[in-house]
Every structure is written in C-alpha cells, then in structure tokens.
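Hi,

Here is the structure I promised to pass on. Have a look at it first, and then read on for my notes.

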Amino acid sequence: MTTDGRPVPRPGPLVDPAGGATDAVDFGSFVRREGGAGRLVVQPRMGFDDPGRMRAGLAATKAARAVTVGTVTLDSYTRLGESAALAEALAEGRELNGYPITAHAPAVTARMLAGIRDHTFPVQVRHGSAVPQHIFATLIDQRLDASEGGPVSYCLPYGRTPLAESVRNWTEGVRRFAALRELGGEPHLESFGGCLLGQLCPPSLLVAVSVLEALFFHRHGVRDVSVSYAQQTHPAQDREAVAALRRLCRELLPVPTWHVVIYAYMGLYPVTEHGAYGLLSDAARLAVDTGAERLIVKTVAESRRIPTIEENVAALEAAARSARTTVPGSVPPARADTAAADSETYQEAAALVHAVLDLHPDPGVAMAKAFARGYLDVPWCLHPDNRGRTRSYIDGDGRLRWAHTGALPLGRSATRSTARHRVDSAGLLADLHHVQRRYDTAGGALPAAARTAAESTEITEGGSGSPVSHN
C-alpha cells in the first residue's frame with residue numbers, strides 16, 4: 001500500500017495506476033497523426049517539483065491554443081540517482097529544478113496526471129541521466145510510455161560517467177522500457193543526439209548521432225522512436241540537415257514508426273522579446289518547411305531564468321501561430337530526402353553513420369568504439385571519453401563548418417572547411433554569441449537594458465544560456 005492507503009500498481013494491462021482503464025494513446029502515434037505535412041505539434045521544456053504545480057503546468061499546456069503534448073522534466077537529484085540528497089531536499093522544502101518522480105508514490109503521480117493525460121494529450125517524461133535504470137523502472141511501474149535521451153547524448157557532455165558504462169546502463173534501461181509493450185503500451189524514445197552541446201556542433205554530427213541512437217533503441221526493443229535536430233546558425237543549412245536526417249532514417253530504420261522533432265536554438269538565447277520570438281518563429285518555420293512533426297519551444301525568459309507556466313504557454317502559442325502561417329516547402333518530404341543525397345551534410349552524416357556501424361553489430365558498442373578511435377568527436381566537449389581534436393567555426397555566410405576534423409572518417413565527403421582556419425578564444429566567443437546578437441539587434445542596435453542582460457549570459461557552465469544547457 002502507498003502512504004495514502006491506495007494500492008501500488010502491479011504488472012497487468014495498461015491501466016491508470018489510480019485505478020481503471022486509461023484512454024491514453026501512445027506518444028508516437030499521436031505525433032505522427034497530428035504533425036507533419038504542414039502541421040506541427042508543439043511541446044514545452046517544463047518540470048516542477050510540486051505535483052500540484054506540475055499538474056497546473058500540464059493543464060495549461062493542454063489548454064493552449066495549439067496542438068500540444070505534455071512534458072514532465074525530472075530534477076537533477078533524480079537524474080543522478082542521488083536518492084539521499086533528494087530525500088533531504090524534500091524534507092527541507094528546498095525547491096528542485098524538476099519533478100522528483102522516483103520520490104513520489106505512484107498514486108501521487110497518477111493523481112497529478114488524472115484527467116489530463118489522455119488520447120488528446122500524451123505526456124513525455126524527460127530526464128538527462130547516463131544511469132537511467134531507476135527512472136525507466138519507475139516509468140514502467142507507473143505506465144508512462146514516452147521518454148528520451150540516449151547513451152551518448154545523455155553522457156556527453158552532461159556528466160563524467162564513462163561512455164562504455166553509459167552504453168551498458170542504457171542498454172539495460174531500454175530493454176526494460178521495451179517491456180511496456182507486454183503491458184499493452186507502445187513505448188516511445190526520442191534521441192537527444194541532435195542537441196549535442198547545444199551549439200557549435202556541425203549539423204552532420206548531430207544528424208549522425210541522432211540516427212545512431214535511434215538504431216540503438218531499435219536494437220534493444222523500442223521500435224517507436226523520434227530523432228532530433230537543434231536549430232543552428234543558418235536556415236538553409238538547417239533545412240539541408242533535417243532533409244539529411246529524414247533520408248537516413250528512411251534508409252536505415254527498419255520500421256516506419258518514427259518522426260522528427262526540432263528544438264528551438266539550444267545555445268545562448270536572445271535577451272530581447274523580439275529576438276526570442278523571432279528565433280522561435282524561425283524554428284517553427286524550419287519544422288514546417290522540412291516536414292518535421294514536433295517542435296520543442298523556448299521562451300522569452302530562457303536567457304535569464306526558468307520560465308513560468310504562462311511564458312511557456314505564450315511560447316507554445318507563438319510557435320503554433322508561426323507554423324499556421326508558414327507555407328510548407330514546395331518539395332514533398334520524401335522527394336526532399338532524395339534531393340538531399342548530394343548535400344554536404346548528408347554526405348558527411350552518412351559517412352559517419354556507416355563508419356560507426358562497421359565497428360560492431362550493436363550501435364551502442366559501436367558508438368563507444370567510435371569515440372575511442374575519434375570517429376565521433378564533439379567539438380568543445382570536455383568529457384574524458386571525447387578525443388577533443390575537432391573544432392568548429394561559423395563562416396562568413398553564417399554556416400557551421402569544421403575547422404579541424406581530427407580523426408572523423410569523412411574522406412571525400414569532408415566540407416570545404418579546412419584545418420587552415422585558425423580558431424582562437426575571441427573567435428569562439430563571437431561564435432557563441434552569433435545567433436543571440438543577430439536576433440537581438442534585428443531592426444536596430446541592442447537596447448542598453450538588453451545589453452546588460454546579454455552580458456550576464458557570458459559562458460557559465462550549466463547556466464540556462466550556456467553551450468551545455470540541458471533539455
């Protein structure tokens with residue numbers, strides 16, 4: 001029995017842990033039905049420690065003037081498995097940066113979701129853990145069938161867990177999560193691979209890791225997946241990257257149960273309202289124009305603090321308005337995928353993916369081997385298992401390029417970038433602020449108050465505007 005006298009759910013048909021059958025639809029089917037072909041499902045990055053506030057956030061997301069899905073983002077203690085520290089924080093009433101799902105009795109979370117999560121509003125649990133087994137166990141226990149992450153994207157650069165250990169942990173976790181199918185659900189996992197480091201990672205590496213993690217999920221039993229791509233520095237390059245991502249998925253994923261999710265820019269975010277909404281609108285247009293089905297939004301508060309429920313809803317509705325007024329690309333997604341075959345991004349991403357898959361039949365083991373050899377190498381990432389021999393820069397046209405390719409197996413697919421390009425600290429700092437300043441100064445000079453806010457976002461590891469900001 002739980003502390004409030006209600007029964008703990010046991011394995012059986014997919015039911016609401018509070019009792020009775022649930023009409024919740026699986027996450028992937030909902031997004032594929034409601035998104036794509038000019039339509040867009042929008043989603044916030046939202047997590048609160050108090051169940052009542054978390055419920056209010058989900059209810060507001062559901063009621064927004066947009067087609068939405070819900071998010072329950074977990075707190076840092078839960079992500080890291082620090083149960084003693086979590087218990088102490090809860091006992092002292094300290095505010096957490098997310099929902100502590102493993103600390104709440106199943107009935108508490110069931111009541112939080114009751115009447116909100118249903119066939120019109122699926123909910124995804126987002127975390128950020130390289131040691132996710134306890135999280136997956138809780139999701140199974142509470143019949144929550146959508147989550148995200150990956151053995152690489154939730155290991156580099158967010159922690160110090162050895163990559164091989166993260167691969168083993170995620171292998172165990174994904175296999176457990178796949179067992180939800182035996183309980184009547186269809187588990188869904190989203191690769192966070194398209195968001196490596198937040199910014200300044202050339203698109204081909206983002207595409208490659210996202211595809212490789214999706215193949216990893218399939219290998220270990222989860223067959224409904226999504227692949228991600230974070231908006232970068234150049235709209236045309238981004239469209240090229242999403243087309244390459246879709247083409248590789250069509251070529252390599254064994255079943256058609258997948259979709260694409262776009263993230264609004266994950267780096268230093270504009271500090272002005274017009275800059276923030278301008279960048280978000282461009283993210284929505286990117287999603288619609290490329291046939292992507294889902295968009296993760298960011299708010300006007302991203303550069304300063306954790307956004308409120310109201311700010312999240314405003315961002316959702318603004319993105320939906322931009323999507324509705326965007327005319328989808330004149331080339332259908334399937335044909336656009338084919339057209340991307342000759343693109344620079346596709347050629348690089350395909351070279352990376354196939355070189356990695358040649359290393360081992362299991363994509364997880366293959367990715368660990370690839371990092372050890374430098375076949376995968378994330379620019380500016382300080383994780384011990386990342387070789388750190390690649391560098392990137394923004395060229396004069398605003399495109400992300402390789403300055404140094406290290407041991408990446410690009411061969412003839414290598415871009416016109418060259419190791420002769422010198423990267424120094426001043427250039428790196430300018431590149432980090434490139435998108436923020438471009439949008440904030442659109443239409444005029446940056447106002448004095450906004451300049452002060454922008455200066456406060458100078459690189460601080462783990463801050464909301466840093467290159468390692470989380471999901």
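How much space lies in the second largest cavity? Keep in mind that this is a predicted model. The answer is about 30 Å³, and the structure holds 2 cavities of 30 Å³ or more. The residues that line the second largest cavity are Val72, Ile101, Thr109, Met112, Leu113, Val123, Val125 and Leu144. Helix 5 and strand 3 are the elements that give two or more residues to this lining, and helix 5 gives the most, with 3 residues. As for how such spots turn up at all: rolling a probe the size of a water molecule over the atoms shows where empty space is left.

That brings me to helix 5 itself, which spans residues 106-113. Is it enclosed or open? Helix 5 is largely enclosed by the rest of the structure, because 6 of its 8 residues are buried. Those six are Pro106, Ala107, Thr109, Ala110, Met112 and Leu113. The cover over them includes helix 2 (51-63), strand 2 (70-73), strand 3 (123-126) and helix 6 (133-141). After helix 5 comes Gly115, with a positive phi near 80 degrees.

Now the overall picture. The chain has 471 residues, and 60% of them count as buried. You will find 17 helices and 10 strands in the chain. Taking contacts between residues at least 6 apart in sequence, 73% join residues at least 24 apart. The accessible surface comes to about 17600 Å², and carbon and sulfur atoms account for 52% of that.

On to the inside. In soluble globular proteins, nonpolar side chains tend to be buried together. Here the largest nonpolar core has 115 residues, and the members that touch the most others are Leu58, Val72, Leu205, Ile262, Leu280 and Leu295. Helix 8 (residues 203-219) provides the largest share of this core, 11 residues. Apart from it lies another core, of 7 residues, including Val25, Phe27, Val31 and Val41.

Leaving out residues up to four places away in sequence, Leu295 touches Leu40, Val41, Val42, Gln43, Val261, Ile262, Tyr263, Ala264, Leu280, Ala283, Ala284 and Ala319.

- Ser281 sits in helix 10 (residues 273-289). Ser281 counts as buried because its relative accessibility is 15%, under the 20% cut-off. Its side chain makes a polar contact of 2.9 Å with the side chain of Ser322.
- His218 lies in helix 8 and is buried as well, at 15% relative accessibility. Beyond its neighbours within four places in sequence, His218 is in contact with Arg223, Val225, Leu253, Pro254 and Val255.
- Arg53, in helix 2, is partly exposed at 34% relative accessibility. Outside four places in sequence, Arg53 is in contact with Phe48, Glu95 and Ile309. The C-alpha atoms of Arg53 and Tyr99 are 9.8 Å from each other, with the two residues 46 apart along the chain.

Last, some backbone angles. Most residues other than glycine have a negative phi. Which residue has a positive phi of about 55 degrees although it is not a glycine? That is Ala37, found in the loop between helix 1 (27-34) and strand 1 (41-43). Ala37 counts as exposed, since its relative accessibility is 72%. Arg143 has a positive phi too, near 60 degrees, and lies in the loop between helix 6 and strand 4 (146-149). Is Arg143 buried or exposed? Arg143 is buried, because its relative accessible area is 3%.

Cheers

Key:
Residues numbered from 1 in each chain as written. Predicted model: local features only at pLDDT ≥ 70, side-chain atom pairs only at ≥ 80, totals over all residues. Heavy atoms only, no water. Helix = DSSP H or I, 4+ residues; strand = E, 2+ residues; numbered from the N terminus. Buried < 20%, exposed > 50% of the residue type's maximum accessible area, 1.4 Å probe, protein only. Contact = heavy atoms within 4.5 Å. Areas by Shrake-Rupley, 256 points an atom, 1.4 Å probe, with all protein chains shown as cover. Polar contact = N/O pair within 3.5 Å; in protein donor to acceptor, adjacent residues only side chain to side chain. Core = buried A, V, L, I, M, F, W, Y, C linked by side-chain atoms within 4.5 Å. 1 Å grid on protein atoms, 1.4 Å probe; cavity = no way out; pocket = protein on both sides within 12 Å on 5 of 7 lines; lining within 4 Å. Points joined across faces, edges and corners; volume = space filled by probe spheres on them.
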